[in-house]
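Please read this briefing alongside the sequence and the model. The points are grouped by topic, with the working cut-offs given where each term comes up.

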Amino acid sequence: MKKILVTGALGQIGSELVEKLRETYGTANVIGTDIRIAEGAAEKGPFEIVDVTDADKLFSVAKDYQVDTIMHLAALLSAKAEANPKFAWDLNMGGLINALEVARELDLQFFTPSSIGAFGPSTPKDGTPQETVQRPTTMYGVNKVAGELLCDYYYHRFGVDTRGVRYPGLISYVSPPGGGTTDYAVEMYYEAVRNKAYRSDIDAGTYMDMMYMPDALQAIMQLMEADPGKLKHRNAYNISAISAAPEDFAIAIRKHIPDFKLTYEVDPVKQKIAESWPNSMDSSAAREEWGFKAAYDIDAMTKDMLEKLRSK
Ligand code: NAD
Ligand code: AKB
């Protein structure tokens, strides 16, 4: 039986991951934590306020609940990190090493997501290999590469069972995205339903990897249950489902909302970040080592997103 502590549990991923983990392992076995509290969060199951930069608090909550796993999600995403790089370093690296230390001291299984942001302009853009050049030009990317290495270090040096994926931009309808470069794709769906129009801050022709949240959650569950003997690339696996530019989302949306209008007002900071990231990653290591498979392509995701947002 697993008992899991999730940091950053109220964010875009955490708000849905906690629910899915509770369905699988039981409500009492999943402890949501975040630096803030959201209305109703404490009524749905165990919840504690934990700032991940407070190592002692993180340790004592993990110990009190006798968890056997940490899923560490608390972080500052790419666009926000670029606006405040020193703060991003302190949160992204400070929080990660605190969480890894708790895992080491209490002998816990460990998951944290890396990102397409761990790659940079000198990385091959198409079919980006699992192992390739990683020289990102953003603070977020620097944090993600250092984080991947730190997780490898804790596995090799201390035997902590660390596992991770390089997520693409995640698209979802439950909680809004937290300040990334790929947020435009989520916003486009919301605005398509509200106003039949969207102004993109990422330019036409800018391809990035994307994925629908159900596939992202399924990947965590599968990776964490995978036979450790089969995992050669623990931290972190390329996983992708969709390679798309803004106009590709618009084409998919127009199959349901024919008069949807897409215009552009490019944000130069986000555009530069987007152009430094891959167009499409090669997910073959994840497929081979733990059976990763995405269920949603752009059309299946668009149909579901629009249905869910309309009923929301
Ligand atoms: P998010 O911004 O939506 O949520 C982050 C959560 O962390 C928020 O609820 C916030 O309140 C909390 N938080 C902030 N500072 C904290 C602190 N000091 N202590 C505790 N909690 C704090 O982020 P997300 O999209 O859910 O991302 C989670 C992880 O997945 C991050 O590591 C992110 O880099 C990674 N990731 C996300 C995406 C994506 O598209 N969402 C893609 C690739 C990787
Ligand atoms: C971001 O845009 O910062 C995130 C990510 C891909 O890591 N969505």
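Predicted model: local features only at pLDDT ≥ 70, side-chain atom pairs only at ≥ 80, totals over all residues.

Residues are numbered from 1 along each chain as its sequence is written, chains are lettered from A and ligands numbered from 1 in the order in which they are written, and side-chain values use heavy atoms, with hydrogens and water left out.

**Ligand 1**

- The surroundings of ligand 1 comprise 26 residues, of which the closest are Gln12, Asp34, Arg36, Asp51 and Tyr140; a residue is near a molecule or strand if one of its heavy atoms lies within 4 Å of it.
- The side chain of Tyr140 places an N or O atom 2.6 Å from an oxygen atom of ligand 1, where a polar contact is a pair of N or O atoms within 3.5 Å (within protein, one must be able to donate a hydrogen and the other to accept it, and residues adjacent in sequence count only if both atoms are side-chain atoms).
- Backbone atoms also take part: an N or O atom of the Gly11 backbone lies 3.2 Å from an oxygen atom of ligand 1, and one of the Ile35 backbone lies 3.4 Å from a nitrogen atom of ligand 1.
- Ligand 1 taken alone exposes 830 Å², and the protein buries 91% of that; accessible areas come from the Shrake-Rupley method with a 1.4 Å probe, and for residues only the protein chains shown count as cover.
- The elements giving two or more residues to the shell around ligand 1 are S6, helix H6 (139-158) and strand S10 (169-171); helices (H or I, at least four residues) and strands (E, at least two) are DSSP runs, numbered from the N terminus.

**Ligand 2**

- The residues around ligand 2 include Leu77, Ser78, Ile116, Pro168, Gly169 and Trp277.
- A nitrogen atom of ligand 2 is 2.8 Å from an N or O atom in the side chain of Thr182.
- Taken alone, ligand 2 exposes 260 Å², of which the protein buries 94%.

**Sheet**

- Three strands make up an open sheet in the order S6-S9-S13, with parallel pairing; two strands pair if DSSP finds at least two bridges between them.
- The edges are strand S6 (114-115) and S13, each of which pairs on one side only.
- Strand S9 (residues 165-167) runs parallel to S13 and is joined to S13 by two bridges, with Tyr237 in S13 as the bridge partner of Val165.

**Aromatic contacts**

- Eight aromatic pairs are found in a search of the whole structure; rings of Phe, Tyr and Trp (its six-membered ring) pair if their centres lie within 6.5 Å, and planes under 30 degrees apart count as stacked, over 60 as edge-to-face and the rest as tilted.
- The pair of Tyr237 and Trp290 is edge-to-face, because the ring centres are 5.7 Å apart and the planes stand at 80°.
- Since Tyr237 lies in strand S13 (residues 237-238) and Trp290 in helix H11 (residues 284-290), this pair ties together parts that are 53 residues apart in sequence.
- Both Tyr237 and Trp290 are buried, a term for residues under 20% relative accessible area, with exposed over 50% and partly exposed in between (1.4 Å probe, protein chains only).
- Trp290 also pairs with Phe292 at 5.9 Å between ring centres, and the planes are at 55°, so this pair is tilted.
- At 5% relative accessibility, Phe292 counts as buried.
- Arg104 lies over the face of Phe158, 5.1 Å from the ring centre, and Arg234 lies over the face of Tyr155 at 4.0 Å from the ring centre; a charge sits over a ring if NZ of Lys or CZ of Arg is within 6 Å of the ring centre and within 35 degrees of the ring normal.

**Backbone features**

- Most residues other than glycine have a negative phi, and most peptide bonds are trans.
- Asn235 and Ala236 are joined by a cis peptide bond with omega of about 15°, and Ala236 lies in the loop between helix H8 (213-225) and S13.
- Gln66, although not a glycine, has a positive phi of about 55°, and sits in the loop between helix H3 (55-64) and strand S4 (69-72).
- Gln66 counts as exposed at 66% relative accessibility.
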